[in-house]
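Subject: Model handover

Hello,

The model is below, followed by my notes on it. Please read them with the structure open.

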Amino acid sequence: MVFLLRSLGRLPLTTLYAFARVIYFVTFYILRWRRDLAVRNIARSFPEKSPAERALILKQSYRNMSEVFVELLWGWRASAEDLKARMVMDN
């Protein structure tokens, strides 16, 4: 498993973002991973939002989760120069 994760980390970030879309689809539509819990939490956090708005928030959170995962894979293998090119620090 570690070999697979390290190998994925060597891929370009654009390829990993495509992989993130696959992860999103699998976790959101097929596995429905912790979806009931997320729906309840979003409903409690945003009672003023309509059900359609809450559904959009739910989808966006799953997309964000998959993108953070692939960025983490990439970040393990990224060089210091690559990281500096992507980060902006103030002060």
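First, the accessibility classes: buried is under 20% relative accessible area, exposed is over 50%, and partly exposed lies in between (1.4 Å probe, protein chains only). With those cut-offs, Arg34 is exposed, with a relative accessible area of 52%.

This is a predicted model, in which local features need pLDDT of at least 70, side-chain atom pairs count only at pLDDT 80 or more, and totals for chains, interfaces and linings use all residues. Residues are numbered from 1 along each chain as its sequence is written, and side-chain values use heavy atoms, with hydrogens and water left out.

Confidence

pLDDT is the predictor's confidence in each residue, from 0 to 100. The protein chain has a mean of 91. Of its residues, 100% reach 70 or more. Helices are DSSP runs (H or I, at least four residues), numbered from the N terminus. Confidence is lowest in helix H1 (residues 2–9), with a mean of 81. Helix H3 (residues 35–45) has the highest, at 96.

Helix H3

Which residues of H3 are buried? They are Arg35, Ala38 and Ile42. Seen down the helix axis, these buried residues fall within an arc of 60 degrees, so they line one face of H3. The arc is that of the directions from the helix axis to the C-beta atoms. Asp36 and Arg44 are exposed on the other side of H3. The buried residues pack against helix H2 (13–30) and helix H4 (51–77). Contact here means heavy atoms within 4.5 Å.

Arg35

Look at Arg35 in H3. Arg35 is buried yet has no salt bridge. A salt bridge needs a side-chain nitrogen of Lys or Arg within 4 Å of a carboxyl oxygen of Asp or Glu. The nearest side chain of opposite charge is Asp36, 6.5 Å away. For charge, Lys and Arg count as positive and Asp and Glu as negative; His and the chain ends are not counted. What does the side chain of Arg35 reach? The backbone oxygen of Phe28, at 2.9 Å. Leaving out residues up to four places away in sequence, Arg35 touches Phe28, Leu58 and Tyr62.

Ile42

Ile42 also lies in H3. Its relative accessibility is 11%, so Ile42 counts as buried. Not counting residues up to four places away in sequence, Ile42 touches Arg54, Ile57 and Leu58. Thr27 is 15 residues from Ile42 along the chain, and their C-alpha atoms are separated by 17 Å.

The loop between H2 and H3

Arg32 has its place in this loop. Arg34 lies in the loop between H2 and H3 too. Arg32 is not a glycine, yet has a positive phi of about 55 degrees. Arg34 has a positive phi of about 55 degrees as well, although it is not a glycine. Arg32 counts as partly exposed, at 45% relative accessibility.

Buried or partly exposed: which is Ser61? Ser61 is partly exposed, with a relative accessible area of 33%. Ser66 is buried, at 2%. Ser66 touches Ala20, Ile23 and Tyr24, not counting residues up to four places away in sequence. The C-alpha atoms of Ser61 and Tyr24 are separated by 9.6 Å, and the two residues are 37 apart along the chain.

Best wishes

Note on methods. Helix = DSSP H or I, 4+ residues; strand = E, 2+ residues; numbered from the N terminus. Polar contact = N/O pair within 3.5 Å; in protein donor to acceptor, adjacent residues only side chain to side chain.
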